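Colleague: Could we go through this model together? I would like to begin with one residue and then move on to other topics.

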Amino acid sequence: MRSDWNRPETYSLPGEGEIRIVLRVAYDGSAFHGWQAQGNAPSVQGTISELLTQMLGKKTIVYGSGRTDAGVHALSQACHFDTSSPIEAEKYRIILNTKLPKSIRVLSSALAPEGFHARFSTMSREYWYLVKASPDMLPWDDGRIMMMKELPSISLLKSYAKCIFGTHDFTTFASARDISLSKVRDIYVSEWDIMKDTFGYPVLRYRTAGNAFLYHQVRSMVGTMLYAAQAEEDAAMFRERLDSKDRSMALRTAPSDGLYLADVSYDPEKYQWFEEEYGR
């Protein structure tokens, strides 16, 4: 339940004379070592923060809704920064897009609502994972879509996805590097479908949304589903893997190439139906 979420009661807000700007950002993760700034490795956070520091003449850091790993992409990451600059909030999108590398695009910039924090105000995150069969791969798909020799049964994949929906302990699909005290997460959406790319080729998509995700959880779930389907396992076996809370029961972890942070929502009503129907 949302009342169980481990969030700080207080967090940093704009200083005196400052305003908070929220950005929506899309990026091609192929060029970066993830979202978070780290040493000399290029990162999305570091690139935007450095540019804002130059623009505003004062050290400025953007804070994201969460991290994405090296190679992971974003269709709509959310982040914020504080400033006392007189630049209108809506102008940051235009200014930043003239100076950022083409691998990062600012989709919108706006004045943040009172009390907003890009990370701690988040109500849900949505991820997509994209897969193609090798005969349908195009030159520009490399690094952006996972390739398989052939696509496994979508009916099996859908049966596994139904097992993931709901509230579960996802220890099976947590990386050994995950430091979360609780591995329980609420999954609001878990479904596979087949889309078409711009040129009409089929793309297998896994779509999932939840209150939060463990480190490598989505990639581990996807890899296990894909390779379980290749082996033609039934849904009962997949549920056994999930319910075991045993990391050794997971199969492969899918590569970062095909993973996209598709949306970050701050709307408390979006998945209220889940709370009402499934809340503990």
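Colleague: Is Glu88 buried, partly exposed or exposed?
Modeller: This is a predicted model. In it, Glu88 has a relative accessible area of 48%, so it is partly exposed, since exposed means over 50%.

Colleague: Which residue does Glu88 form a salt bridge with?
Modeller: Its partner is Lys91, and the closest N and O atoms of the two are 4.0 Å apart. Lys91 counts as partly exposed because its relative accessibility is 39%.

Colleague: How many salt bridges does the structure hold?
Modeller: There are 14 salt bridges. One of them joins the side chains of Lys132 and Asp197, at 2.7 Å from N to O. This pair links distant parts of the chain, 65 residues apart: Lys132 lies in strand 5, and Asp197 in the loop between strand 8 and strand 9.

Colleague: Are Lys132 and Asp197 buried or exposed?
Modeller: Both Lys132 and Asp197 are buried.

Colleague: Which residues are linked in a network of salt bridges?
Modeller: Arg24, Asp263 and Lys270 are linked in such a network. Within it, the side chains of Lys270 and Asp263 meet at 3.5 Å, N to O. Lys270 has a relative accessible area of 32% and is therefore partly exposed. Asp263, with 23%, is partly exposed as well.

Colleague: Which strands pair with strand 9?
Modeller: Strand 5 pairs with strand 9 in the antiparallel sense over 7 bridges, and in that pairing Leu130 stands opposite Arg205. Strand 8, residues 184-196, also runs antiparallel to strand 9, and 9 bridges join the two. Here Lys196 stands opposite Pro202.

Colleague: What is found in the hairpin of strand 8 and strand 9?
Modeller: The hairpin has 5 residues between the strands, and Gly200 takes a positive phi near 90 degrees.

Colleague: Now the aromatic rings. How many aromatic pairs does the structure hold?
Modeller: The structure holds 16 aromatic pairs. In one of them, the rings of Tyr160 and Phe238 have their centres 5.0 Å apart and their planes at 15 degrees, so this pair is stacked. Tyr160 is in helix 3 and Phe238 in helix 5, 78 residues apart, and the pair thus links distant parts of the chain. Tyr160 and Phe238 are both buried.

Colleague: Which residues form an aromatic cluster?
Modeller: One cluster is formed by Phe165, Tyr188, Tyr271, Trp273, Phe274 and Tyr278.

Colleague: Which arginines lie over the face of a ring?
Modeller: Arg205 lies over the face of Trp128, at 4.4 Å from the ring centre. Arg252 lies over the face of Tyr227, at 4.1 Å from the ring centre.

Definitions and conventions:
Residues are numbered from 1 along each chain as its sequence is written. This is a predicted model: local features need pLDDT of at least 70, side-chain atom pairs count only at pLDDT 80 or more; totals for chains, interfaces and linings use all residues. Side-chain values use heavy atoms; hydrogens and water are left out. Rings of Phe, Tyr and Trp (its six-membered ring) pair if their centres lie within 6.5 Å; planes under 30 degrees apart count as stacked, over 60 as edge-to-face and the rest as tilted. Helices (H or I, at least four residues) and strands (E, at least two) are DSSP runs, numbered from the N terminus. Buried means under 20% relative accessible area, exposed over 50%, partly exposed in between (1.4 Å probe, protein chains only). A charge sits over a ring if NZ of Lys or CZ of Arg is within 6 Å of the ring centre and within 35 degrees of the ring normal. Two strands pair if DSSP finds at least two bridges between them.
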